[in-house]
Structures are given as structure tokens and as C-alpha cells.
Amino acid sequence: MLNTPRVRRGYSRADQPDQAVRELANDLAQPDAALVIAFASSTYPRRALAAELTAAFPDTCVVGCTTAGELTPLGYRRGTLTGVSLAAPEFQAVARRIDNLEEFSVADGVELVQDGLTNLSRRMPGMRTDQVFAMLLIDGLSACEERVVSGLYQALGEIPLFGGSAGDDLAFQETGVLYGGAFHSNAAVLLLVATQNPFEVFKTEHFVASDEKMVVTEADPTRRVVTEINAEPAALEYARVHGVQIDELTPMMFAAHPVVVKVGGVPYVRSIQKVNPDGSLTFYCAIDEGIVLTAATGVDLTENLRDAFRRVQSRIGPAQLVIGCDCILRNLELAQNDILDDVSCLLADQRVIGFNTYGEQFGAMHVNQTFTGVAIGYGG
């Protein structure tokens with residue numbers, strides 16, 4: 001699998017959990033492993049898979065989640081188990097589970113992060129906060145991403161955060177995060193990783209904002225439903241802005257024409273899930289009243305992603321690993337445009353391990369149709 005010292009990647013196509021974990025462990029096993037992250041198709045029986053992973057890595061922190069597709073050493077795959085292991089002393093990690101997501105608060109975030117950093121600093125004496133990144137794996141059907149990520153962001157300070165919402169292969173029935181030898185729903189896992197290697201947390205999206213603005217004038221953020229845009233029925237106004245009829249508002253139309261929210265001049269994509277019978281729009285992210293949305297148009301996804309990798313590597317040097325969270329809507333668009341294999345090869349070349357998500361996290365934001373991740377370079 002072209003692994004490097006202290007960083008090992010692997011995957012298995014086996015459909016039985018015992019064989020899949022055995023093959024993955026053969027790729028990932030290494031002395032002093034501090035962390036294993038596993039990304040698993042929801043086709044595996046979860047209890048059996050979690051038990052096998054725990055048995056295979058008994059003295060290692062093991063976390064992960066179910067997926068809507070896997071990013072393996074060979075690129076995009078479905079129905080597989082993939083993962084990465086990181087070893088000491090170059091890497092140290094702590095993980096904390098978050099339950100009852102709908103009740104998560106800023107105070108909870110402060111307590112969680114402080115406890116994790118204290119534990120991490122014991123494992124890497126002299127650790128600086130600029131040597132730490134955070135990854136969030138969260139139930140992709142919880143609709144609680146905004147609450148959790150905003151609480152964590154305030155506690156993390158300058159420590160960069162990225163992450164993804166767990167999937168279930170587009171069944172939209174149950175997703176899970178792996179922690180403590182079991183998969184959990186209505187839960188999240190915060191992972192704090194300290195490393196002596198250069199790294200960069202980054203995001204990219206293949207959309208550019210237009211000049212067309214839309215103001216959300218009525219919404220229900222808890223349900224992620226927008227009722228009115230520009231004081232008009234939401235679906236009708238969205239259709240008018242894009243010059244189409246309301247019956248043309250299909251999932252592919254929404255995927256090709258999302259809206260963007262700018263925060264501090266940085267664009268964040270907000271994707272629409274569906275038109276409701278009352279003319280409202282359901283989003284994949286929470287949208288509040290008063291938010292200004294900007295219509296967006298797509299650019300070449302392949303070149304956009306390739307440019308993102310180039311920019312990151314110009315700052316940290318060649319990457320020995322990228323842990324990536326890639327929106328399932330991007331994957332579906334690639335398949336629709338018959339370029340899935342091209343991007344799959346690009347991800348393999350860039351040493352990406354990760355999964356297709358039901359949403360992504362970056363900093364304080366929960367977003368869609370975005371690739372977010374961390375690129376880790378080589379030690380000095």
C-alpha cells in the first residue's frame with residue numbers, strides 16, 4: 001500500500017467483518033500505533049465489525065464511522081472497509097465521545113476540549129497547540145452538526161477542526177460513529193491529534209458566487225426548512241433566480257446550483273435537499289432568518305481539487321497522508337458527469353483516506369458539497 005514510517009493505510013473488499021478486519025489489520029499493524037481510524041460501509045454488521053476491530057487493535061485508540069462510500073488507497077470504493085494508523089512518537093491522539101447531541105453546549109465543549117488537551121500534553125511533553133488538529137465524526141442523521149461544531153470551535157481556539165457526518169450508503173435510516181468498541185447513533189467523536197510533522201487543515205468547493213443575492217425572510221432552523229426567500233415562497237423565488245420552472249427543481253438541479261453563505265469573506269456551501277409540498281425548501285444545513293444567500297455556479301471539480309492539493313503542498317511539502325471528508329453529493333455529480341474514475345485516481349495519487357459524507361465540518365461551520373480534510377507532511 002506504499003506506506004511510510006509511522007503512517008500506514010489500507011483497505012479490504014471482503015464482505016465478512018472478520019475477514020475485512022483481518023485484511024485491514026494486516027495493512028495497518030505497526031509498532032507503537034497511537035491511533036486507528038476506520039471508515040466502514042454500512043453493509044457490515046456493526047456489532048460484529050466493532051468487536052473485530054477492538055480485538056485486532058487491543059492497545060490502540062480506535063475510532064471511525066459508517067459511510068456513504070469510502071476513500072481508499074485505490075480511490076473511491078463502495079462496500080469496503082478502509083482506514084489509517086498513526087504511530088508514536090510522531091503522533092499522539094485522544095478521542096472523546098459526545099452523546100445526546102441535541103443538548104450539547106459551549107460549556108460541554110470547553111470541558112471536553114480541556115480534558116482532551118490535558119491528556120494529550122501528558123503523552124507529548126512540550127506539545128504546542130499549533131501541533132494539534134481536531135477531527136469530528138458525527139451522526140449524519142442527527143441534524144445537530146451546527147450545535148456541536150460551534151460549541152467545539154469556541155473551545156478549540158486556534159486549533160483547526162475538520163470533519164464529516166457519517167453516512168449509511170444513501171439509505172438514510174441509521175448512521176453510526178465508532179468509539180470504545182461499539183458504533184453509536186445520536187453521538188459524535190472528537191479526535192485530537194498532536195504531531196511533530198507539518199500539517200494543514202483545508203477545504204475546497206467547486207463553486208463560485210454570482211452577484212445574485214437572496215435573503216432568507218422566513219425559516220425554521222431546527223428543521224432546516226426555509227419558507228420564504230426575498231419575502232416570496234422559497235421554491236418559487238429560487239426557481240425565478242435560476243430562470244427555471246418550479247417543476248424543474250430536481251436533486252440534480254440543486255446539486256448543480258447550491259447557494260453560498262460568506263462568513264468573513266470565506267464561502268461556505270449550503271445545499272438544498274428537496275422542495276416540500278407547501279413550496280418551502282429543505283436544506284442539508286440549518287439556515288436562519290436574515291441570512292444572505294448567494295447563488296453559485298459550478299467550476300471544474302477535478303481542477304479545483306487538484307489546485308487545492310497543490311496549494312496545500314506548496315506550504316507543507318509533499319503529503320504522506322490526507323484524511324479526507326468528501327460530500328456524497330460531489331460523488332454523485334462525478335458519476336453523473338462520467339468523471340468519477342478520474343477523480344478517484346487523483347485521490348489515490350494524493351494518498352487520501354476517508355469517506356463520502358452526509359455533510360462536512362470546517363472551523364465553526366457545517367457545510368455541504370465540500371471536500372475538507374487534513375494533509376500531513378513528512379517530519380524534518
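This is a predicted model: local features need pLDDT of at least 70, side-chain atom pairs count only at pLDDT 80 or more; totals for chains, interfaces and linings use all residues.
Residues are numbered from 1 along each chain as its sequence is written, and side-chain values use heavy atoms, with hydrogens and water left out.

Helices (H or I, at least four residues) and strands (E, at least two) are DSSP runs numbered from the N terminus, and two strands pair if DSSP finds at least two bridges between them. Strand S3 (residues 61–67) runs parallel to strand S2 (residues 33–41), to which 7 bridges join it, and Ala 38 stands opposite Gly 64 in S3. Together with helix H2 (residues 46–56), S2 and S3 make a right-handed β-α-β unit, where right-handed means that, with the strands pointing away from the viewer, the path from the first strand over the helix to the second runs clockwise. S3 is also joined by 2 bridges to strand S10 (residues 177–179), in antiparallel fashion, and Cys 65 has Val 177 in S10 as its bridge partner. Of the 7 residues of S3, 6 are buried (under 20% relative accessible area; exposed is over 50%, partly exposed in between, with a 1.4 Å probe and protein chains only).

Val 193, in strand S12 (residues 187–195), is buried, with a relative accessible area of 1%. Leaving aside residues up to four places away in sequence, Val 193 touches several residues, including Leu 35, Phe 91, Leu 120 and Phe 133, a contact being heavy atoms within 4.5 Å.

The whole structure holds 14 salt bridges, each defined as a side-chain nitrogen of Lys or Arg within 4 Å of a carboxyl oxygen of Asp or Glu. Three of them are tabulated here.

| Pair | N to O distance |
|---|---|
| Glu 90 and Arg 6 | 3.2 Å |
| Glu 146 and Arg 224 | 3.1 Å |
| Arg 315 and Glu 200 | 2.8 Å |

Glu 146 lies in helix H4 and Arg 224 in the loop between strand S14 (207–220) and strand S15 (225–229), so this pair ties together parts that are 78 residues apart in sequence.
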